[in-house]
Amino acid sequence: MLRVVVMVSGGGTNLQAIIDAVESGAVTNTEIVGVISNNRNAYALERAKLHEISAKCISPKDFDCRESFNEKLLEAVNAYKPDLIVLAGFLVVIPPAMIAAYRNHMINVHPSLIPSFCGTGYYGLKVHEAALARGVKVAGATVHFVDEGTDTGPILLQKAVEVEQGDTPEVLQRRVMEQAEWKILPRAIDLIANGKVAVVNGKTVISDGTGK
């Protein structure tokens, strides 16, 4: 059974997609053992409680320095003994010690087709604002493993979403979530839970034969 910790800063729609997929059986061999947020007002914490999942807030505001926060955050993660950490809209820089401890055992979902519109400064609506400003015809989302860079780890899954005439950043954001993020994030977890993903020479190899 894959022990998963989900880390999230906001409303937790991706968290809900994971919860729903686990409860429906779309994601197998998986247990969500904990949810951690840096924001005590994040609705994601309430979503966890509604499904009887352990939920904690570890906020940088509660510590004198970033080092103390990083130490406590890693301590909280380790306490769950996770096999996989899922960053589902977690807007905090991941401590290097956590990246090292969970290398190839931590994934993130990003609302673009990496390497487009990713890296420092590209998060949330900013990604979709940039995509529309550039006039792209296809947007989408990416699930990737986390390394020391920003959105630079091995890509696991991607799904394209068409940009439509008259899209606003908010409308495009919603479509990318519904058609891409909420589908590929649970699927990535299921692939990992069932031993179908390996990282070889910095790239992912998916053994179910589709790679989609």
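Modeller: Let us begin with K72 and E75, both of which lie in helix α3 (residues 66-79), three residues apart, about one turn of the helix. Helices (H or I, at least four residues) and strands (E, at least two) are DSSP runs, numbered from the N terminus. Please note that this is a predicted model, in which local features need pLDDT of at least 70 and side-chain atom pairs count only at pLDDT 80 or more, whereas totals for chains, interfaces and linings use all residues. Residues are numbered from 1 along each chain as its sequence is written, and side-chain values use heavy atoms, with hydrogens and water left out.

Biologist: What do the side chains of K72 and E75 form?

Modeller: They form a salt bridge, with 3.2 Å from N to O. The term requires a side-chain nitrogen of Lys or Arg within 4 Å of a carboxyl oxygen of Asp or Glu. The structure holds six such salt bridges.

Biologist: How is the exposure of K72 to be read?

Modeller: One uses relative accessible area: buried means under 20%, exposed over 50%, and partly exposed in between (1.4 Å probe, protein chains only). K72 has 34% relative accessibility, so it counts as partly exposed. E75, at 44%, also counts as partly exposed.

Biologist: Where do the partners E164 and R175 lie in the chain?

Modeller: First the contact itself: the closest N and O atoms of the salt bridge between E164 and R175 are 3.4 Å apart. This pair links distant parts of the chain, since E164 is in the loop between β7 and α6 (169-193) and R175 is in helix α6, eleven residues apart. E164 is partly exposed, with a relative accessible area of 46%, whereas R175 counts as buried because its relative accessibility is 10%.

Biologist: How far apart in helix α6 are E178 and R174?

Modeller: They are four residues apart, so about one helical turn separates them. Their salt bridge has its closest N and O atoms 2.8 Å apart. E178 is partly exposed at 36%, and R174 is partly exposed at 40%. Elsewhere, salt bridges that share partners join E164, D167 and R175 into one network.

Biologist: Let us turn to the sheet. In what order do the seven strands stand?

Modeller: Strands of a sheet pair through backbone hydrogen bonds, either parallel or antiparallel. Two strands count as paired if DSSP finds at least two bridges between them. Here the order is β3-β2-β1-β4-β5-β6-β7, in an open sheet with mixed pairing. At the edges are β3 (55-57) and β7 (155-162), each of which pairs on one side only. From one strand to the next, the twist averages 20°. Such angles run from 0 to 180 degrees between N-to-C directions, and the axes are lines fitted to C-alpha atoms, for helices over the stretch in contact.

Biologist: Which strands does helix α1 (residues 13-24) touch as it packs on the sheet?

Modeller: Helix α1 touches β1 (2-7), β2 (30-37), β4 (84-87) and β5, and its direction makes about 160° with that of β2. Contact means heavy atoms within 4.5 Å.

Biologist: How many bridges join β6 to β7?

Modeller: Seven bridges join these antiparallel strands, and A139 stands opposite V161 in β7. With β5 (residues 106-110), β6 (residues 138-145) pairs in the antiparallel sense over four bridges; there T142 in β6 is the bridge partner of H110. Seven of the eight residues of β6 are buried.

Biologist: Which residues of helix α2 (residues 43-50) are buried?

Modeller: They are A44, L45, R47 and A48. Seen down the axis of α2, the buried residues fall within an arc of 160°, so they line one face of the helix; the arc is that of the directions from the helix axis to the C-beta atoms. Among the elements that cover them are α1, β2 and β3. On the other side of α2, K49 and L50 are exposed. After α2 comes E52, with a positive phi near 55°.

Biologist: How many helices and strands has the protein chain as a whole?

Modeller: The protein chain has six helices and nine strands. Of its 212 residues, 48% count as buried.
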